Amino acid sequence: MIHNSEGGLPEGMLRRRKQQNKEKRKEKQSQGRNGSPPDPGPCVSCGGRLVRKNPYLYQCTSCKRTYYISANRTHKVSVRVSAGRMVVLCAVIAMAVTAVAMAGYQWYTGHLVASASRFSVVFRDFLMEVYEKPVAEIRSEDLENIRYLKVEKNKKYRFTYSFEDYYDYKDTESFEKTLHVIEVAGKKEDFSPTNVQYFAGLTRLELYTEGWENYTLPKKNVLRGIVCVDGLSKYGKPQFFKAVNPDTLEEAVILEAGERKDFSFLEHLQGVRRLVLSEATLEDGGMLDDFGELEELYLYYVELEEEKAAEIIEGFLSLPSLKHFYIEGKTAWYITKEQWANWEKMYGNQILLERK
């Protein structure tokens, strides 16, 4: 029998013992610190049971998802994602970010286009010159700051505007110092009277263009005075005054109303204190009977039948709140001196009567 120098054990027994010790060390390395394999817990994806594939890899028996056990042997699992899956995941994230960015850009540009497209070419150019910035950046609050607006049309469209309230000034001369004027060249099709609806802060609006019936007033407005010239044609529909604010409107001026046959729009003006009619054909003295707050009435070159003139005018003079009556033109001379003197006796203490 052959013996070695290490404790006198036979060489074959020594080899077996070394092999056994090697296997024990290997098994010990595969165990946790407490001597047992670490418990990875359930699958975080489906809750299934994890089966150990090797000392560092587990797989779910249900969904086949694989998990890597960290080297410190703690009971934590982390998902192992292949390089291919990582590329796909990054691509999905990039596409999502791009989609969100594009949606945001489209919303923003769409908002700008919608904001800019509100205005016709003429109003757009007018507003850009007023505020010195792109029309898409002009806010509703900016438009509300314009308190007075007059629109005229000759060779160009002429806008006269002010950020001051016309009715805060005692005389015209002082107010005129606050006015600004901008002229814009444009064709008829480049001008939209409906754009007035965006000027919700106006207290006075003067329209010296054709077809004022086509203008659109702001749904909520604080207008105290409106001046309209021309456009009172027999073909027009008197819808314009439906949007007036009866709580604020005090003054209405209707000029060049010679062709108007329908005065039904007057029902929307019954709360005004000052009314001016020019070149209108008046057939009924009772047309103003419901104007219970009217204090001033001005008639310029109105048309009346000579036989009915005295009756119609006396109907106006009978208004309970009237303080000032003025009439100018040939119709005024349908009233005899005797009739006029009689009215001065009857109404002179409460009404200032003037004719020219």
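Me: What makes Glu-251 and Arg-204 buried or exposed?
Reply: Both Glu-251 and Arg-204 are buried. Arg-204 has 6%, so Arg-204 is buried. One thing to keep in mind: this is a predicted model, where local features need pLDDT of at least 70, side-chain atom pairs count only at pLDDT 80 or more, and totals for chains, interfaces and linings use all residues. Also, residues are numbered from 1 along each chain as its sequence is written, and side-chain values use heavy atoms, with hydrogens and water left out.

Me: Why is the contact between Glu-251 and Arg-204 called a salt bridge?
Reply: That name needs a side-chain nitrogen of Lys or Arg within 4 Å of a carboxyl oxygen of Asp or Glu. Here the closest N and O atoms are 2.9 Å apart, and the pair forms a salt bridge. Glu-251 is in strand β10 (residues 251-255) and Arg-204 in strand β8 (residues 204-208), so the pair ties together parts that are 47 residues apart in sequence. Strands, by the way, are DSSP runs (E, at least two residues), while helices are H or I runs of at least four, numbered from the N terminus.

Me: How do you know that Glu-206 and Arg-204 meet in a salt bridge?
Reply: Their side chains come to 2.8 Å, N to O, against the cut-off of 4 Å. Glu-206 has a relative accessible area of 7%, so Glu-206 is buried.

Me: And what makes Arg-274 and Glu-296 a salt bridge?
Reply: Their closest N and O atoms are 3.5 Å apart, and they form a salt bridge. Arg-274 sits in strand β11 (residues 274-278) and Glu-296 in strand β12, so this pair ties together parts that are 22 residues apart in sequence. Arg-274 has 26% relative accessibility, so Arg-274 counts as partly exposed. Glu-296 counts as partly exposed too, at 26%.

Me: Which residues are linked in a network of salt bridges?
Reply: Arg-204, Glu-206, Glu-251, Arg-274 and Glu-296. The structure holds eleven salt bridges.

Methods:
Buried means under 20% relative accessible area, exposed over 50%, partly exposed in between (1.4 Å probe, protein chains only).
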